[in-house]
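Hi,

Here is the structure I promised to pass on.

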Amino acid sequence: MSNDNESLTIPDVLPLLPVRDVVIFPYMILPLFVGRTSSINAVNEALNKDRLMFLASQQDMDQENPSPNSINRVGCVAMIMRMNKLPEDGKIKILVQGLCKAEITEFVQDSPNYVVKIKKLVEPSWEERALEAEALVRNVKAMLEKVISMGKVLSPDILVVLDEIQEPGRLADLVASNLGLKVDESQKILEVVDPIHRLRKVNEALTREVEVLEMQQKIQSQAKDEMSKSQKEYFLREQMRAIRNELGDADSKTEEVEELRAKINNAKMTEDAHRESLKQLKRLENMHADSAEASIIRTYLDWMIDLPWNKASADTLDLKTAKNILDEDHFDLEKIKDRILDHLGVCKLKKTLRGPILCFVGPPGVGKTSLGKSIARTMGRKFVRMSLGGIKDESEIRGHRRTYVGAMPGRIVQSLRSTQTNNPVIMLDEIDKLGMDYRGDPASALLEVLDPEQNNSFRDHYINLPIDLSNVFFICTANMMDTIPGPLRDRMEVISLSGYTMEDKLQIAKRYLLPKQIKENGLEENDVTISDATIRQVIQGYTREAGLRSFEREIAALCRKVARAKADEGAEFKPRSITPKMVQQFLGPIKYLQEPPRDRSEVGVATGLAWTSVGGETLTLESSLVEGKGAIELTGQLGDVMKESARAALSYVKGRSLELGLNKNFFAEHDLHLHIPAGAIPKDGPSAGITIATTLISLLTGIPVNRDVAMTGEVTLLGKVLPIGGVKEKVLAAVRQEVFHVIMPKANEKDLHDLPKHIRSKMDFTFVETMDEVLAAALIRKLPEFPESKRMRRKPAQPPSAVQ
């Protein structure tokens, strides 16, 4: 074939076929797919003549219609050995063999196909450099064998003809055409006319290929022992991606990045958030899709896109509709309803009002959480509840830093995402039960959230950007204020919810609880009737709470009994009317026996009032006197504050011993015992001071304490009465005990405003400032006058006379 090619006459003018991704060398046989119209015309012209054409590679592989300037001048004259037409797409497939190298000297024709004038390139003689040529030939053959031994896949025909070739030019062309070099490298080798120089360039390419293969083997040997499951998956995914690219499938990573970019642009973020999101997206675009950090960035971008940066729900500002909704959902609670309506009224006048921060404080079951839901419904906002009870990690509020897989924003940001609005009603439930440990103090983290001056730029550790919380309506709930830190309590508007009276519970049961339980138990409205007397019996005998939870459970139990009867009787069922006599049959024996009112006034026995986290309670204080050595015994599981209050009351009584007709050694010769029944229940607080003092004075003077009087107040060593808290709860406890005369400090007279009118109307209050006033109202008769009492009674101090 060599001799034939050399003796073949090559015309000076040939049709040109530009090729994209391959360089044709002499003696090279390969198939080509021809699809461009101009290229098909060139092939047809060659077939119509002598089957010869000129092949030259394009400089720009992506150019569909290359210009003369974008076609390399040096190429190869080739003969078309075979041609097949492909019926599917009109393309043709040709098999060509390179004959000799040539150079374009002129473009003769450019339509309908290129025709060029060429000049055959003649290689200079190399026989004078036979020694150098022999050395290069041997070295190239050895290097090629080494490349094959190292795993490089080459055409099997090359091994057959390798030993027969001794000419440096042909060897260079053979190796260059089979080594798989890049197009520009192959073109540079093709353009070298001198065979020795061309073979030297091929030798350099082989040397570089050997180095690459050695490094590849080294990496593979190092990775062989360390390859984990994830690395294997990475290798397989890379192969799958390469296969998809070969099949023409779209790159999924590119699609994902573009989809995220579109979402970021449509999310209406703040300027800082938009800039940070695009920055993180660029990082994601430049890293591998299966890396751990890519997963973290992808999750972060999802959070940034889903946050409601500028999405707000429209407030319902119709005050009449809002009032109807509040009245429909809750009985009484007028103070809270007025506060909500005030806020809506201001919102109607001023559109940019900051969200208030309210704190509902009251016993369990009085409707704090349900009131938050009603507020959200009234305003037309989304509602989300966060339970803070037992939380000890600051990250629950501020979020985790993005330093590890699994990091998440705090619960505030999670709430915004779940509601998809930036102005929801967020209820922070049980804020008085926050904990604290080595992971931080959640209460301190809430200082920024609940501060109207700071929460317009709240910074979550995960998002790490300012988030505006000023439009959020925050509602906190607590059972008591004592455990809430002072700085946090100072940021909230506290509204107290006291317990319900029996009349309140009766109305709530008739309006809300009974219809709700009838519906939930599958009954019709007329299937069951419960009288007011029955409801009162359930309240008194089966519940002892300030709220409504146990009460609702008992109502539900009555409805279940009727529902069971209806299911058993079927069509024969008749509506039931539950009377007081049937309550024990349905609910069992009475759980709480009402402590009977005191049937007589007794010496050393008085009724006190106390506040607990579940409402008010009445306390019966008893005292006794025995011979001894001046000791005082306190029983009934009293707390430290109540013990101190008892000692203060005793010191006050000792200070008045002569006024009470007692001798000097009386307290040294007698022991006092003070007991508060229900010893299993802890009791604490200073408000039992005047009750203890009254009990002791009654015991020492023998004057009974009026059984129809209950009292509360703190006493000092000088006999002054100080104000106390929980007035409403204590008065309601007195009403439940059927005690309608209450003695309390004069400073607490203002607190009666919170009492319902129907309670105030049947109560008799005595407001006192000193123990003398307490004793005058509590004892059934006045203290006797003793001669010593006149001398010992304190006189007001006289002001010093002016100096002349």
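**What turned up**

Beyond its neighbours within four places in sequence, Asp173 is in contact with Phe25, Pro26 and Arg198. Please keep in mind that this is a predicted model. Asp173 belongs to helix α5, residues 168-178. Is this aspartate buried or exposed? Asp173 counts as buried because its relative accessible area is 3%, and the cut-off for buried is under 20%.

A few places may be worth a look when you check the backbone. Tyr27 is not a glycine, yet its phi is positive, at about 70°. Tyr27 sits in the loop that runs between β1 (13-19) and β2 (29-34), and with 24% relative accessibility Tyr27 counts as partly exposed.

Gln637 is another non-glycine residue with a positive phi, here about 55°. You will find Gln637 in the loop between β18 and α23. Its relative accessible area is 43%, so Gln637 is partly exposed.

There is also a cis peptide bond, between Ser111 and Pro112, with omega about 0°. Pro112 is in the loop between β5 (92-109) and β6 (115-120).

**Helix α23**

Helix α23 covers residues 640-655, 16 residues in total. From first C-alpha to last it reaches 23 Å, close to the 22 Å expected at 1.5 Å a residue. Its buried residues are Met642, Ser645, Ala646, Ala648, Ala649, Leu650, Tyr652 and Val653. What do they pack against? The partners are β18 (632-635), α24 (666-669), β19 (670-675), α25 (689-701), β21 (714-715) and α28 (771-778).

A reminder that helps when reading such a list: an α-helix has 3.6 residues a turn, so residues three or four places apart point the same way.

**A pair of helices**

Last, have a look at helix α19 (residues 502-520) and helix α21 (residues 549-569), whose axes come within 10 Å and cross at roughly 50°. That angle makes α19 oblique to α21, and their crossing is right-handed. On the α19 side, the contact is made by Lys505, Ala509, Leu513, Leu514, Lys516, Gln517 and Ile518; α21 contributes Phe551, Glu552, Ile555, Ala556 and Cys559. Sorted by class, this contact of α19 with α21 has 8 nonpolar, 1 polar and 3 charged residues.

Best wishes

Conventions:
Residues numbered from 1 in each chain as written. Predicted model: local features only at pLDDT ≥ 70, side-chain atom pairs only at ≥ 80, totals over all residues. Heavy atoms only, no water. Helix = DSSP H or I, 4+ residues; strand = E, 2+ residues; numbered from the N terminus. Expected span 1.5 Å × (residues − 1). Buried < 20%, exposed > 50% of the residue type's maximum accessible area, 1.4 Å probe, protein only. Contact = heavy atoms within 4.5 Å. Axes fitted to C-alpha atoms, helices over the stretch in contact; angles between N-to-C directions. Parallel < 35°, antiparallel > 145°, perpendicular 65-115°, else oblique. Left-handed = near helix turned anticlockwise from the far one by under 90°. Nonpolar A, V, L, I, M, F, W, Y, C, P; charged D, E, K, R; others polar.
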